[in-house]
Amino acid sequence: MSTATTSAPVTAPSAGAPAPARPRRRLLDRLLKVYVWLILAWLFLPIAVMIIFGFNDTKSKSNVTWQGFTFKWWGMLDQDPKLIEAVVNSLEIAVLATVITTVIGTLMGLAMGRYRFRGLGTVNLVLFAAIASPELVMGSSLLSLFVSAGVQPGFVTVVIAHVLFSLSFVAITVRARVVGLDPSIEEAARDLGASTWVTFWRVTFPMILPGVISGALLAFALSIDDFVITQFTSGALQTFPLWIWGATRIGVPPQVNILGTLIFAVGVVIAVVNMVTARRRT
Amino acid sequence: MTETQADVEAVAPAASGPPPVPAIELDGVVKEYLAHGEVVQAVKGVTLTIAEGEFFSLLGPSGCGKTTTMRMIAGFEDPSRGTVRLHGQDVTDVPPNKRDVNMVFQSYALFPHMNVWENVAFGLRRKKVPDAEIKRRVGEMLEIVDLGGREKRRPREMSGGQQQRVALARALVNRPRALLLDEPLGALDLKLRQAMQIELKRIQREVGITFVYVTHDQSEALTMSDRIAVMNDGLVEQLASPREIYERPATAFVAGFIGTSNLISGTVDRVEDGCAVLRLGDDGRVLTEEGAHRAGDTIAVTVRPEKVMISTDEPAAGLSAVRGTVAEVVYLGLYNSYAVRLPGGTEVTVFQQNALDSTSTAERGDAVWLSWRPQHSYVIGS
């Protein structure tokens with residue numbers, strides 16, 4: 001630090017000249033670091049609170065004040081069968097919706113990235129509308145749609161609704177990947193004797209896979225914690241977010257924090273694996 | 001399948017007897033597109049024959065239809081009319097994966113998610129070649145293109161020149177009947193491009209496969225090709241050896257596109273000793289041995305700048321001789337380039353080699369004589 005100042009020219013220009021650039025930059029670098037850490041803290045603080053309160057030795061029904069450390073809730077995870085059922089429902093819906101969304105969304109992304117066709121503009125508009133429209137609007141309209149069509153709200157309607165609102169995200173991430181592809185790579189595969197089917201699975205799909213994976217992860221994340229639309233379309237079905245909402249009226253038990261922690265941990269693992277393999281792939 | 005191919009290759013060079021089947025035949029091939037409701041012809045009727053083992057170039061400016069022509073040979077474009085034959089077999093409706101030709105793309109089009117070895121083995125795997133043979137052939141091919149020991153590299157970890165060689169190996173390892181190359185050296189810098197030109201020619205001799213080479217670079221085509229088809233506006237303007245294309249351009253376009261050339265037109269004054277004589281100005285004359293012309297015909301001739309001699313004395317009889325004024329002298333090291341203005345206003349470019357005995361004689365503004373032999377005046381088709 002000090003060497004930087006001494007190395008500045010001795011015959012510095014007249015007083016009032018700007019300070020040497022290097023110490024100033026170092027200060028900015030530090031401020032930038034502080035700023036970054038603040039942002040990270042802001043993002044992670046709620047998650048940290050959720051994890052910590054899973055270990056809270058709370059005596060009352062509500063889990064809002066710290067009363068000491070305990071592992072006991074981890075042992076009592078399966079204490080409430082309704083909670084477990086809600087989590088299982090949420091996982092089933094999320095997995096199913098993700099699979100359906102990823103398949104349809106990937107095909108849409110491929111078509112939209114590759115071909116100019118009649119109705120492309122309309123499809124783009126509809127995709128954007130699906131992202132931009134408020135969940136309340138979508139949820140209530142879906143409910144009236146299902147009711148007027150005579151469909152009983154439940155598991156199937158929730159899956160349909162979740163596919164609907166996450167489809168755009170998959171289609172858009174896959175399209176971005178497809179647009180970036182050099183079309184002659186697929187031609188090269190054809191030229192080397194691969195049928196269209198083999199070309200897709202050996203060449204096209206591996207190249208768009210990163211987009212497909214990010215789309216699928218987004219779809220899963222959107223589905224597992226969706227509340228508003230699910231509330232409208234679930235009927236008597238309980239999902240994890242719906243159960244928590246119901247429980248807040250009498251107090252959220254620490255098991256909710258633990259399940260949240262577990263879901264978060266799985267998400268982190270998937271994200272890390274995806275990052276590492278993506279780095280190896282490209 | 002692969003064995004019979006190998007047999008054909010071994011026999012081909014020594015073939016004598018029945019006339020050999022050409023590797024590639026295009027017969028009246030037309031490609032039309034519909035653009036904004038209008039029919040656009042990218043290729044307006046190309047008929048040509050490429051012999052087995054030939055290094056054949058399609059040369060022309062961008063948009064002349066050369067790449068479309070090649071893509072019709074590969075099967076990526078369906079001709080609107082006409083026939084494509086590979087080794088005598090009509091393949092016009094055969095998809096690219098069933099055609100026994102391979103292509104090297106301008107962008108290389110390597111598979112980014114596979115390493116070098118997997119890239120090169122891709123074609124052989126599609127043909128269900130036994131693993132042991134794939135291993136042997138890929139290894140051999142990587143040696144030929146000088147990439148031994150880099151099998152595990154990913155394409156993005158390699159330089160442009162290396163990627164180029166991977167693309168070449170990936171195509172050649174299949175022992176195609178013909179290799180199609182679409183401006184394969186376009187993305188390389190000049191030094192590397194020149195090295196790769198020689199390298200390509202060597203590899204072509206080594207493997208003995210027919211090469212069809214698309215380029216807009218005339219020097220590249222002249223350096224490597226056995227024959228060149230010069231294309232312009234969807235048509236072949238001239239199809240001949242590099243020497244003939246340079247020395248005897250058939251059309252004004254070819255003369256202008258390949259190297260530098262001078263175009264002089266005039267009316268035939270008389271025919272004597274088999275030479276048509278054009279009169280130019282008061283005392284200028286252009287002699288040409290070509291064609292049967294009668295007095296009164298208006299014709300255009302081209303002459304290459306290096307064939308023209310520049311002097312202050314009146315040239316001997318029997319040579320073309322025109323008077324002019326030196327408008328510009330450019331020293332280019334190897335030679336001097338003169339721009340000489342003729343009385344009619346036409347400018348003629350003259351290259352004079354910078355040999356030991358030739359000092360720059362003419363200066364700007366000098367009145368000079370230009371002269372050249374009758375056999376260097378080529379009559380251009382209308």
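Which residues of chain A does the UniProt annotation "domain: ABC transmembrane type-1" cover? In the unreviewed UniProt entry, that annotation spans residues 87-274 of chain A. The structure discussed here is a predicted model, and the descriptions below should be read with that in mind.

## Chain A: annotation and domains

A domain assignment divides chain A into domain 1, which takes in residues 17-72, and domain 2, which takes in residues 81-252. Taken over C-alpha atoms, the centres of domain 1 and domain 2 of chain A are separated by 33 Å.

## Chain B: annotation and composition

For chain B, UniProt lists "domain: ABC transporter" at residues 24-258, again from an unreviewed entry. This span of chain B, residues 24-258, is 36% helix and 28% strand, and its end C-alpha atoms lie 25 Å apart.

## An antiparallel sheet in chain B

Chain B contains an open sheet formed by 4 strands in the order E2-E1-E4-E5, with antiparallel pairing. Its edge strands are E2 (38-50) and E5 (89-90) of chain B, each of which pairs on one side only.

Inside this order, strand E1 (residues 24-35) of chain B runs antiparallel to strand E4 (residues 81-86) of chain B, and 5 bridges join the two. One residue pair can be named here: B:Ile24 has B:Leu86, in E4 of chain B, as its bridge partner.

Notes. Residues are numbered from 1 along each chain as its sequence is written. Chains are lettered from A and ligands numbered from 1 in the order in which they are written. This is a predicted model: local features need pLDDT of at least 70, side-chain atom pairs count only at pLDDT 80 or more; totals for chains, interfaces and linings use all residues. Two strands pair if DSSP finds at least two bridges between them. UniProt positions are given in the numbering used here, feature names are shortened, and annotations may be inferred rather than shown by experiment. Domain bounds come from an automatic or database domain assignment.
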